[in-house]
Amino acid sequence: MMMMMTPAATTTMMMTPARKQRFRHCCIFRQNLKLVITVSIILCIFGFWKFQSQLISSPPSKMTRLSRRVGPISFVGPPKIAFLFLTRRHLPLDFLWGSFFEEVDVASYSIYIHSEPGFVFDESNTRSPMFFGRQLSNSIQVAWGESSMIEAERLMLDAALEDPANQRFVLLSDSCVPLYNFSYIYSYVMQSPKSFVDSFLDKKEKEGQGRFNPKMSPGITEDKWRKGSQWFTLIRRHAEVVVDDGLVFPLFKKYCKRRPPVDDSKGKLNLKLQKQHNCIPDEHYLQTLLTMSGLEKELERRTLTYTLWNDSPANMEGKGWHPFTFSRSAANPQRIKEIKDINNVYYATEYRTEWCRTNSTAVPCFLFARKFSQGAAMRLLSERLWTE
């Protein structure tokens with residue numbers, strides 16, 4: 001009986017050994033290619049599923065933040081100023097701020113407090129009911145000179161943006177005092193379409209002694225690097241830019257580090273540590289972010305919070321500059337008037353004089369001041385030095 005063979009089998013039998021080997025390699029290659037394609041498809045499907053799962057499980061604040069950009073923002077009532085208090089624990093000057101907010105329409109302001117995790121404002125630690133329960137529930141431990149300071153500010157802005165009526169956002173410390181009454185401050189801030197952010201170039205950057213870390217490039221470029229006070233007043237659109245930032249803050253967190261203090265006991269290691277970039281995150285982050293976002297022209301490049309810096313040579317010895325703390329005697333009527341009469345700020349590194357204006361109208365430069373002791377704040381209140 002003759003055995004019938006298929007054309008493929010006949011072809012294989014007629015092949016030389018070399019051709020048979022090439023044929024087998026071809027078959028193996030095709031099988032491997034099919035396997036690779038199949039695995040790739042499976043991985044793509046899995047990756048897409050994972051991405052969708054992450055979107056669905058995203059924290060509510062993140063999803064809400066995205067939705068705030070869709071469509072016009074509408075609210076009932078007057079626009080609000082959100083007062084953001086960055087505190088260590090309690091508010092030592094709550095008695096002064098309680099008087100400041102007294103008899104003010106609650107529809108015109110909001111209060112947000114970032115305190116240490118777990119601290120709750122109630123009748124046991126504040127005499128001012130407007131502070132009850134105003135602390136963030138998701139606060140973090142904050143350390144001076146670290147990126148946690150920026151993170152705390154972002155958390156407060158994120159919480160304040162949940163209220164569409166909040167149109168201005170003022171950052172204050174626990175030692176800040178108002179220099180005017182609520183009505184004057186509200187009118188001053190609301191009349192300006194710009195944010196108030198202290199922002200300038202530091203000439204030390206050009207001398208190779210600055211705080212910019214080249215490792216931040218190319219995410220952050222040196223020509224966009226700015227310096228200034230952390231105490232800001234933002235319009236809503238700029239507050240959203242800060243909260244939505246996913247590029248600049250991670251780079252700051254990784255590369256903007258405060259240089260360790262001088263410690264002679266570390267010997268040669270101490271010399272190496274002192275060559276590091278002495279980057280203070282809260283003095284650079286907001287200014288650099290808004291400049292990189294092309295928003296510098298939308299800023300009044302000055303802060304509304306007055307600080308008297310103690311920059312004497314004796315104080316600079318191994319310590320750096322520190323703000324002067326106002327005692328009761330220092331917070332006298334003449335000193336307060338001098339602060340309120342300041343109408344321009346000179347930036348030596350840019351040879352720039354910033355004349356203080358809102359909507360082209362000359363105004364005092366400062367609405368708030370720091371650092372005030374309880375005695376100094378009590379004098380402001382008793383002598384009514386903070387009213388218009």
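**A hairpin, a helix crossing and an open sheet**

In the hairpin formed by β11 and β12, four residues lie between the strands, and Tyr351 takes a positive phi near 50°. The model is a predicted one, in which local features need pLDDT of at least 70, side-chain atom pairs count only at pLDDT 80 or more, and totals for chains, interfaces and linings use all residues. Residues are numbered from 1 along each chain as its sequence is written, and side-chain values use heavy atoms, with hydrogens and water left out.

The protein contains 13 helices and 15 strands; helices (H or I, at least four residues) and strands (E, at least two) are DSSP runs, numbered from the N terminus. Of its 388 residues, 44% are buried, a term that means under 20% relative accessible area, with exposed being over 50% and partly exposed in between (1.4 Å probe, protein chains only).

Strands of a sheet pair through backbone hydrogen bonds, either parallel or antiparallel. Strand β11 (residues 344-347) runs antiparallel to β12 and is joined to β12 by four bridges; two strands are said to pair if DSSP finds at least two bridges between them. Tyr346 has Thr353 of β12 as its bridge partner. In a regular strand the side chains alternate between the two faces of the sheet.

A second pairing of elements involves helices. The axes of helix α5 (residues 148-160) and helix α7 (residues 236-244) come within 9 Å and cross at roughly 125°. Here axes are lines fitted to C-alpha atoms, for helices over the stretch in contact, and angles run from 0 to 180 degrees between N-to-C directions. This angle makes α5 oblique to α7, since angles under 35 degrees count as roughly parallel, over 145 as roughly antiparallel, 65 to 115 as roughly perpendicular and the rest as oblique. The contact (heavy atoms within 4.5 Å) is made by Arg154, Leu157 and Asp158 of α5 together with Ala239, Val242 and Val243 of α7.

Finally, three strands form an open sheet in the order β4-β15-β8, with mixed pairing. β4 (177-178) and β8 (305-307) stand at the edges with a single partner strand each, so one side of each is left without a neighbour in the sheet. β8 pairs with strand β15 (residues 368-370) in the parallel sense over three bridges, and Tyr306 has Ala369 of β15 as its bridge partner.
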